[in-house]
Amino acid sequence: MKKNIRIEPFVVIILFLILAIIGIGLDEPSQVINQATQICLSCIGID
Amino acid sequence: MELLRKWVQGLFFFMTNGYWNFPVTRSIYKGPLKVVCSPGLNCYSCPASTTYCPIGALQQLFAGIRLSIETGQFFMGFYVIGTMGVLGGFVGRMICGWACPFGLFQELLHKIPSPKFGIWPFLRYVKYGLLVFMVILLPLFAIDEFGAGSTWFCKYVCPAGTLEAGIPMLMLRPSLQGNLGWLFLLKLSILIFFIIWAILASRPFCRTACPLGAFYALFSKVKMVKLTLDHARCTHCDACHDVCPMGVRFNESPNDMECISCLACTKACKLNAITLEIGGVPVSGQAKSPKRKSTRA
């Protein structure tokens, strides 16, 4: 059975990669790391 | 292959929970790795966690979207969604089967001897509702007087957060026990419910309530690494049904959104009708036995 390389995964990955790069351009990683290094007590049920 | 999967699950568990200094610091990891996305559901308030949970981070960004716009920063969640999408595009829900610590936890629970039950198929749709409402819409639109939303799924549902962060933090900081109220009781009840359910049924949280699994499921048809069915070889013996931990009938639904590519069916299929392929190129399950004609229409 002949198998062809599917291009859809590459298109999807590139699109989301571009989205991630836009996020990096907006400096979102700094916000993510800022949130992730703080204990969110209400998020874990200790309010 | 099952042994390899267990090793990979263990590896990801320790990679995403590799901060073992927490009993000394009595706090969470605060280093630069926290900018890396955990592929599976892994609470970043867990004392051992080294990465961020995409579902938690997404809710935080959506909850604070108005405040970020007001301050001219425009944090819209692109980085988190983009990272999740790249992971989804590569392997989709294979992450659930190979890299999620909470999935591993449920698998171990299911090994406890007990009567085993199935899960009603319609319950699978609950997780899409949780993704849409509790992860996206409510954090975006249910705001307080200051314009800030809340992390609805983390706060009111996530049993992984209770297990990995809530309980450990209470042990590390006993003074927090004074803050406990109905919210913690609710979350503890949900955790206990899923623990008991996981003993009785296979991966109930993944199948019914995980919004991250729901997101990755959206990539089931277009992901790079996926299982495919050779219809010419399949005799519909249904051997793949019996071994699937997600209740997938692979020969009837090869692109099923529930498939976590654990490869149990590739081993069960004696006719090598199920193939693992990467971007359309088969890498395992190549036919060694002669083709058989289907016995069913």
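1. Two residues count as in contact here if their C-beta atoms, placed from the backbone, lie within 7 Å. Keep in mind that this is a predicted model. By that criterion, 14 residues of domain 1 of chain B are in contact with ten residues of domain 2 of chain B. On the domain 1 side, α5 and α6 (94–98) of chain B each put in at least two residues, and α6(B) gives the most, with three. Sorted by class, that side has six nonpolar, three polar and five charged residues.

2. As for where the domains sit, domain 1 of chain B runs over 2–217 and domain 2 over 225–284. Their centres, taken over C-alpha atoms, are 28 Å apart.

3. Now chain B as a whole. I see 15 helices and three strands. The C-alpha trace spans about 65 × 45 × 35 Å along its principal axes. The radius of gyration is 21 Å, which agrees with the value near 19 Å that a compact globule of 297 residues would have.

4. Of the contacts in chain B with a separation of 6 or more, 68% come from residues 24 or more positions apart.

5. Then there's the contact between the chains, which takes 48 residues from chain B and 33 from chain A. Several elements of chain B each supply at least two residues to its side, including α3 (54–63), α10 (159–172), α11 (182–200) and β3 (281–284). The most come from α5(B), with ten residues. By class, this side of chain B has 27 nonpolar, 15 polar and six charged residues.

Technical notes
Residues are numbered from 1 along each chain as its sequence is written. Chains are lettered from A and ligands numbered from 1 in the order in which they are written. This is a predicted model: local features need pLDDT of at least 70, side-chain atom pairs count only at pLDDT 80 or more; totals for chains, interfaces and linings use all residues. Helices (H or I, at least four residues) and strands (E, at least two) are DSSP runs, numbered from the N terminus. The radius of gyration is taken over C-alpha atoms; the globule rule is 2.2 Å times the number of residues to the power 0.38. Ala, Val, Leu, Ile, Met, Phe, Trp, Tyr, Cys and Pro count as nonpolar, Asp, Glu, Lys and Arg as charged, and the others, Gly among them, as polar. Domain bounds come from an automatic or database domain assignment.
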